Amino acid sequence: MLSGGGSNLQALIDATASPAFPAKIVGVISDRPDAYGLQRAAQSDIPSRCVERDHYATRTEFEHALARAIADFDPDFVLLAGFMRILRGDLPDRYAGRMLNIHPSLLPRHKGLDTHQRAIDAGDIAHGCTVHFVTRELDAGPALIQARLDIADTTNAEQLAAQVLKLEHKIYPLALRWLAEARVELTSNGITLDRIELPEPVVMDADGLDC
């Protein structure tokens, strides 16, 4: 599910193109008809659907339409990749443990928008991105994996955004792989990876990800 350029979608398309990858993309949903991610889907012969918010009188009706669109694809997992809508209805509950989002900050720091400038303004020495399970609360679901980098004194928000995006393209396919291989489970106590409880998300440095 996306709203914009779909660079994370492209990273997932590239990863799942390998016969050895344990998942495939069965559909793409956007809330914007001009989202370039829809073109990326078409170029890879992936079915897509556009569910525009303005076509529905209420948020509830919009989310019901989203739910129907997702159900039509009958997915095992749902991945949000730059989907700029907050899901307040029962979708996060319906796909609990099977719905992921990627957020451009080291959650729980800097939930919401403008994360890169906020990290600089806050004097953070490190920044990055987080793959987390989706819940009804914005950017608050249990975090599975993070990638982090040091913020140089001369780095501006645009440069930082580009650096973090490269990290996103690395860890989102990895998170999907873990999920598809049934290595990850969301329990009432949190996340387990290979049946071991994670007290904190797995953290990878930019150097280790070759970014």
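Student: Where is Asp-114 found?
Tutor: Asp-114 is found in the loop between β4 and α5. Keep in mind that the model is predicted.

Student: What is the phi of Asp-114?
Tutor: Phi of Asp-114 is near 55°. That is a positive value in a residue other than glycine. Most residues other than glycine have a negative phi.

Student: Is Asp-114 buried or exposed?
Tutor: Asp-114 counts as exposed, because its relative accessibility is 62% and the cut-off for exposed is over 50%.

Student: What about His-110, what is its phi?
Tutor: His-110 has a positive phi too, about 60°, although it is not a glycine. His-110 lies in the loop between β4 and α5.

Student: And is His-110 buried or exposed?
Tutor: His-110 is at 11% relative accessibility, so it counts as buried. The limit for buried is under 20%.

Student: Which residues does the cis peptide bond join?
Tutor: Leu-107 and Pro-108. Omega there is about 15°. Most peptide bonds are trans. Pro-108 is found in the loop between β4 and α5.

Student: New topic, pockets. What volume does the largest pocket have?
Tutor: The volume of the largest pocket is about 770 Å³.

Student: How many residues line the largest pocket, and which lie nearest its centre?
Tutor: The lining has 34 residues. Nearest the centre are Gly-82, Phe-83, Met-84, Ile-102 and Pro-104.

Student: Which elements each supply at least two residues of that lining?
Tutor: For the largest pocket, they are α1 (7–16), β4 (99–103), α5 (115–121) and α6 (157–180). The largest share comes from β4, with three residues.

Student: How do the residues of the lining of the largest pocket divide into nonpolar, polar and charged?
Tutor: There are 13 nonpolar, 14 polar and seven charged residues in the lining of the largest pocket.

Student: OK, what volume does the second largest pocket have?
Tutor: About 470 Å³ for the second largest pocket. It is lined by 23 residues. Closest to its centre are Lys-24, Ile-25, Val-26, Gly-27 and Phe-77.

Student: What does the lining of the second largest pocket have by class?
Tutor: The second largest pocket has 19 nonpolar residues in its lining, with one polar and three charged.

Student: Which elements each supply at least two residues to the second largest pocket?
Tutor: α1, β1 (28–30), α3 (59–73), β3 (78–80) and α6 each do.

Student: Let's do helix packing. At what angle do α1 and α6 pack?
Tutor: About 45°, with the axes of α1 and α6 9 Å apart. That angle makes α1 oblique to α6. α1 passes α6 in a right-handed crossing.

Student: And at what angle do α1 and α2 pack?
Tutor: α1 and α2 (residues 36–43) pack at about 20°, and their axes are 9 Å apart. The two helices α1 and α2 are therefore roughly parallel to each other, as the cut-off for that is under 35 degrees. The crossing of α1 and α2 is right-handed.

Student: Last one. Where does Thr-135 lie?
Tutor: Thr-135 lies in the loop between β5 (126–133) and β6 (143–150). Thr-135 is partly exposed, because its relative accessible area is 30%.

Student: How many residues apart in sequence are Thr-135 and Arg-183, and how many Å apart in space?
Tutor: Thr-135 and Arg-183 are 48 residues apart in sequence. In space they are 20 Å apart, C-alpha to C-alpha.

Note on methods:
Residues numbered from 1 in each chain as written. Predicted model: local features only at pLDDT ≥ 70, side-chain atom pairs only at ≥ 80, totals over all residues. Heavy atoms only, no water. 1 Å grid on protein atoms, 1.4 Å probe; cavity = no way out; pocket = protein on both sides within 12 Å on 5 of 7 lines; lining within 4 Å. Points joined across faces, edges and corners; volume = space filled by probe spheres on them. Helix = DSSP H or I, 4+ residues; strand = E, 2+ residues; numbered from the N terminus. Nonpolar A, V, L, I, M, F, W, Y, C, P; charged D, E, K, R; others polar. Buried < 20%, exposed > 50% of the residue type's maximum accessible area, 1.4 Å probe, protein only. Axes fitted to C-alpha atoms, helices over the stretch in contact; angles between N-to-C directions. Parallel < 35°, antiparallel > 145°, perpendicular 65-115°, else oblique. Left-handed = near helix turned anticlockwise from the far one by under 90°.
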